[in-house]
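Here's a quick briefing to read alongside the structure. Have the viewer open and follow along.

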Amino acid sequence: MTEIKPKKLNEYSYLIEKHGDMNVPVKIFASEEMLEKMMQDRCIQQGINVACLPGIKGFSIMMPDAHQGYGFSIGGVAAIDAENGCISPGGVGFDIGCGVRLLQTNLKKDEIYPKIHQLLDKLFESIPPGIGAKSKFRLDDTELDKVLNTGVDWAVKNNYGTKEDQENCESQGKLTEADAAIISPKAKKRGRGQLGTLGSGNHFIEVQYVNKIYNKEVAEIFGLKEEGQVVIMIHCGSRGLGHQTCSEFLRKLEETYPDVMASLPEKDLIYAPAKSQMAKEYYKAMCASANFAWTNRHMIGHQTRLAFKEVFGEKTELKTVYDVHHNIAKLEEHTFDGKRCKVWVHRKGATRAFGPNMPDLPKDYKKVGQPILIPGSMGTSSWVLVGTAESMDESFGSTAHGAGRMMSRKQANQTWRGDQLKKDLEREKIYIKAASWRGITEEAPGAYKDVDEVVNVSDKAGIGKLVAQLKPIGVVKG
Amino acid sequence: MKKFEFIDHTADAKFIAYGKDIEEAFTNAALAFITLVTDIHKVKPKQEKTIEIAAEKKQSLLFDFLEELIYLMDTEGFLLHDIPELKIEKKDKYTLKARVRGDAGDYEILTQIKAMTYSDMFIKETEGKVEIQVVPDI
């Protein structure tokens with residue numbers, strides 16, 4: 001591999017000029033230190049590979065949390081012409097619609113500690129990690145199709161969660177282009193028993209409190225009223241249904257376009273040309289999987305609300321602040337060289353960051369921009385940011401999505417012991433309920449980049465401004 | 001000869017499985033795969049299943065084979081114990097037929113595998129030795 005030398009644009013962004021087969025340059029949002037970390041794995045080469053895809057517009061963008069993925073890097077954004085370009089399942093990811101929901105409560109952190117273990121046990125019991133079919137909401141075919149076609153509409157109609165929860169979801173928790181008929185029977189069978197389940201890996205439910213407010217006016221509008229207020233963050237996706245859908249399309253594309261597959265530096269970059277039958281089908285299937293993911297987090301939010309009411313009494317109120325995907329391709333219009341163009345904005349480990357008065361914002365947030373939810377790793381801060389007008393030009397309305405791993409799971413397992421880590425965190429008043437010890441060590445805070453640094457770059461680069469820092473009290477993990 | 005070994009990968013898991021022929025290497029890849037999910041030695045051989053698949057290339061056959069194991073885990077909670085029989089043949093396509101044993105009991109789940117990927121996948125065949133590299137998404 002030739003040595004890559006990104007050119008410094010300013011303190012927080014770098015550029016790799018167009019060369020070779022690249023259709024656009026690569027833009028990297030990072031501090032010098034973070035860039036050095038990125039250079040240690042293959043993620044920048046992956047950003048360059050993405051810049052070679054047909055119809056990519058503007059830049060291939062890498063966020064400060066970027067790290068090596070499969071085909072596309074994780075922490076990447078690619079806006080690709082929806083008329084003359086392509087759509088790529090690898091640019092969305094296997095966990096279609098993976099994302100974050102944040103709920104705010106009327107509780108203060110001191111009210112939580114005396115009942116923390118009871119709360120975590122209750123959450124763990126009512127929201128299973130879910131290998132096999134453990135869902136408490138087993139659906140028949142007709143009901144599952146409704147979830148896939150109408151997303152959170154289905155849940156609210158069936159009295160799970162509230163209309164207000166739904167209004168504060170990106171795209172109101174449903175993409176109308178979804179078509180359940182395209183989701184295979186196998187994917188449906190995997191999904192049927194998994195609605196309202198968490199999964200494993202870095203997925204979690206975290207009870208947190210508002211540690212520091214950086215922008216009082218915006219925080220107030222988002223319902224984050226004061227420091228010490230308890231909030232709940234839910235991080236998961238479309239479970240087996242989305243994973244199966246991605247794998248199947250990867251294989252279908254491989255068989256439909258063997259020549260394209262053979263020409264790619266990594267197979268997981270395979271794409272469907274815009275306007276092809278495969279592109280239409282993948283888009284509809286992706287939308288259906290995204291609807292499943294929103295409904296999944298909505299059901300988990302509903303179960304969380306019930307658990308809180310049971311433990312802290314009926315007067316406990318939980319309201320959805322926002323719910324946003326960070327593995328998705330959204331059909332949007334952006335400006336390139338002064339011309340508007342319809343593009344699929346592939347956000348693979350990146351969060352939409354729409355600024356004030358952009359389309360598809362809940363009415364209460366219209367004036368300030370959308371909430372951006374950035375989960376940290378276990379035991380570290382998480383963040384709420386707000387979208388900006390600059391992000392539209394700088395990053396096609398996108399910013400980072402989390403901390404980003406920097407140490408392998410194997411190394412993490414060799415470095416820490418689960419029981420010791422649990423004790424260390426308890427000393428800091430952070431409590432964990434997990435399905436396995438290994439799940440804890442693999443997600444050790446030290447295995448991740450510093451999330452505070454990630455959001456600092458987003459803030460300084462102007463693509464997502466700080467609103468509030470959240471700190472954990474209790475973590476439930478699969 | 002060791003059956004498999006795990007190697008470092010920042011975001012996901014990565015392993016190389018070995019075998020004296022492709023069938024043994026596929027078998028060991030499946031065992032490595034399940035080792036990520038649970039302690040395979042504890043899983044009892046209570047149920048037996050047959051997996052039959054066909055694919056155009058060896059790599060896609062491997063992709064589909066391991067995907068099938070994820071599917072069985074997700075839908076039935078079926079965890080692998082061993083593979084007493086695995087046959088790969090080349091007809092119009094490559095075909096794989098395997099008899100697998102395992103159980104759907106209440107075992108400790110270390111991690112769930114989301115999906116197979118083609119990332120860094122290789123199947124290296126030399127005289128008397130086959131190496132398979134796999135990166136699953138977890």
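What follows covers a helix pair, a strand and its partners, one more helix, and the chain contact.

Keep in mind that this is a predicted model.

**Helix pair in chain A**
- H10(A), residues 239-256, packs against H12(A), residues 277-312, at about 170°, and their axes are 9 Å apart.
- The angle is over 145 degrees, so the two helices H10(A) and H12(A) are roughly antiparallel.
- On the H10(A) side the contact residues include Leu241(A), Thr245(A), Phe249(A) and Leu253(A), while H12(A) brings in, among others, Tyr282(A), Ala285(A), Phe292(A) and Ala293(A).
- Sorted by class, that H10(A)–H12(A) contact has eight nonpolar, five polar and two charged residues.

**Strand S7(A) and its partners**
- Eight of the ten residues in S7(A), residues 99-108, are buried, so the strand is largely enclosed by the rest of the structure.
- S7(A) runs antiparallel to S9(A), residues 229-236, with seven bridges joining them; Leu102(A) sits opposite Met233(A) there.
- S7(A) also pairs with S11(A), residues 318-325, again antiparallel and over seven bridges, and here Leu103(A) has Thr320(A) as its bridge partner.

**Helix H17(A)**
- Buried residues in H17(A), residues 451-461, include Val451(A), Val454(A), Val455(A) and Asp459(A).
- Just past the end of H17(A), Gly462(A) has a positive phi of about 80°.

**Where chains A and B touch**
- Chain B puts 31 residues in contact with 39 residues of chain A.
- Helix H2 of chain B, residues 58-76, gives the most to chain B's side, with eight residues.
- That side of chain B splits into 14 nonpolar, nine polar and eight charged residues.

Methods
Residues are numbered from 1 along each chain as its sequence is written. Chains are lettered from A and ligands numbered from 1 in the order in which they are written. This is a predicted model: local features need pLDDT of at least 70, side-chain atom pairs count only at pLDDT 80 or more; totals for chains, interfaces and linings use all residues. Axes are lines fitted to C-alpha atoms, for helices over the stretch in contact, and angles run from 0 to 180 degrees between N-to-C directions. Helices (H or I, at least four residues) and strands (E, at least two) are DSSP runs, numbered from the N terminus. Angles under 35 degrees count as roughly parallel, over 145 as roughly antiparallel, 65 to 115 as roughly perpendicular and the rest as oblique. Two residues are in contact if their C-beta atoms, placed from the backbone, lie within 7 Å. Ala, Val, Leu, Ile, Met, Phe, Trp, Tyr, Cys and Pro count as nonpolar, Asp, Glu, Lys and Arg as charged, and the others, Gly among them, as polar. A residue is buried if 20 or more other C-beta atoms lie within 10 Å of its own, exposed if 12 or fewer, and partly exposed in between; C-beta atoms are placed from the backbone. Two strands pair if DSSP finds at least two bridges between them.
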